[in-house]
Amino acid sequence: MKNNLQDTMTDSGRRILSKRRTYKRVAWLYDLLDLPFEYGRYRALRRLIFRDAHGRVLDAGVGTGRNMPFYPPGARVTGIDLSEAMLARAERRSARLGVLVELRAGSVLHTEFADCTFDVIVATFLFCVLDDADQKPALEELARICKLTGEIRILEYVYPRNRFKRAIMRLWVPWVRWFYGAAFDRDTERYVSAAGLKLVESRLVYKDIIKLLTARPSPLGSRECTSKAALSERTR
């Protein structure tokens, strides 16, 4: 009997494959369609989320590299993305801007980094793209590769409380799901504690529709990481 890849693939694997197909289809148009939002709201938020970042920094879900102009000077930045089509554009942007960044293909659900690798992990709207079933595993993986003294910073969309504004956002849902494979109601915050993280901050940073989450690995779940983090601190 022949093995059928689609039959043997896990649900998570199918979702990853679906996202790769989505971004392979839209990569060429992504920056152009995002342009009004980029200059209307995102650039200020990118500057905010990278403020005071230092040491080893992970840009999780680097996409086409829109965060690159805001990478902190002196930091060693790595960017990962599951879409090779998006990474190809990120590589061109890196060369054009003269930004030093290590770009890797890979899923945030299963990275190849060692425990306690990064001082700061940034995810700008990545979790809007992850399905509900992948939220906790993704946070657990970020917790694993974040130093005990480090931070995980996440930007995500949320629905506004105002009924009229919420109705307007709902009109965008079919387009956002088809083009980006994303949603406005992921509610990543509710998975933070279960993923072994401590929520440090949760606040709205653009009107009442974009939220910044800041979390740190919980000491209770990081015993193995403690010695490595301490060694890293001593050798800086």
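**Close-ups of a predicted model**

**View 1. Here are R153 and E151, and both are buried (buried means under 20% relative accessible area, exposed over 50%, partly exposed in between, with a 1.4 Å probe and protein chains only).** This is a predicted model, where local features need pLDDT of at least 70 and side-chain atom pairs count only at pLDDT 80 or more, while totals for chains, interfaces and linings use all residues. Residues are numbered from 1 along each chain as its sequence is written, and side-chain values use heavy atoms, with hydrogens and water left out.

The side chains of R153 and E151 form a salt bridge at 3.0 Å, N to O (that is, a side-chain nitrogen of Lys or Arg within 4 Å of a carboxyl oxygen of Asp or Glu). E151 also bridges to R216, at 2.8 Å, N to O. R216 is partly exposed at 35% relative accessible area, whereas E151 is buried at 17%.

**View 2. E38 and R46 make a salt bridge, 2.7 Å from N to O.** E38 is buried, with a relative accessible area of 0%, and R46 is buried too, at 6%. Elsewhere, K19, D131, D132 and R186 join up in a salt-bridge network, and the structure holds 18 salt bridges.

**View 3. Now for the rings: the model has 15 aromatic pairs.** Rings of Phe, Tyr and Trp (its six-membered ring) pair if their centres lie within 6.5 Å; planes under 30 degrees apart are stacked, over 60 edge-to-face, and the rest tilted. W178 and F179 have ring centres 6.3 Å apart and planes at 45 degrees, so they count as tilted. W178 is partly exposed at 49%, but F179 is buried at 2%. The charged end of R25 sits over the W178 ring, 4.2 Å from its centre (NZ of Lys or CZ of Arg must be within 6 Å of the ring centre and within 35 degrees of the ring normal).

**View 4. Y157 is one of the residues with the most contacts inside the largest nonpolar core, which has 42 residues.** Such a core is a set of buried Ala, Val, Leu, Ile, Met, Phe, Trp, Tyr and Cys residues joined through side-chain atoms within 4.5 Å. Helix α2 gives the largest share, eight residues.

Note on methods
Helices (H or I, at least four residues) and strands (E, at least two) are DSSP runs, numbered from the N terminus.
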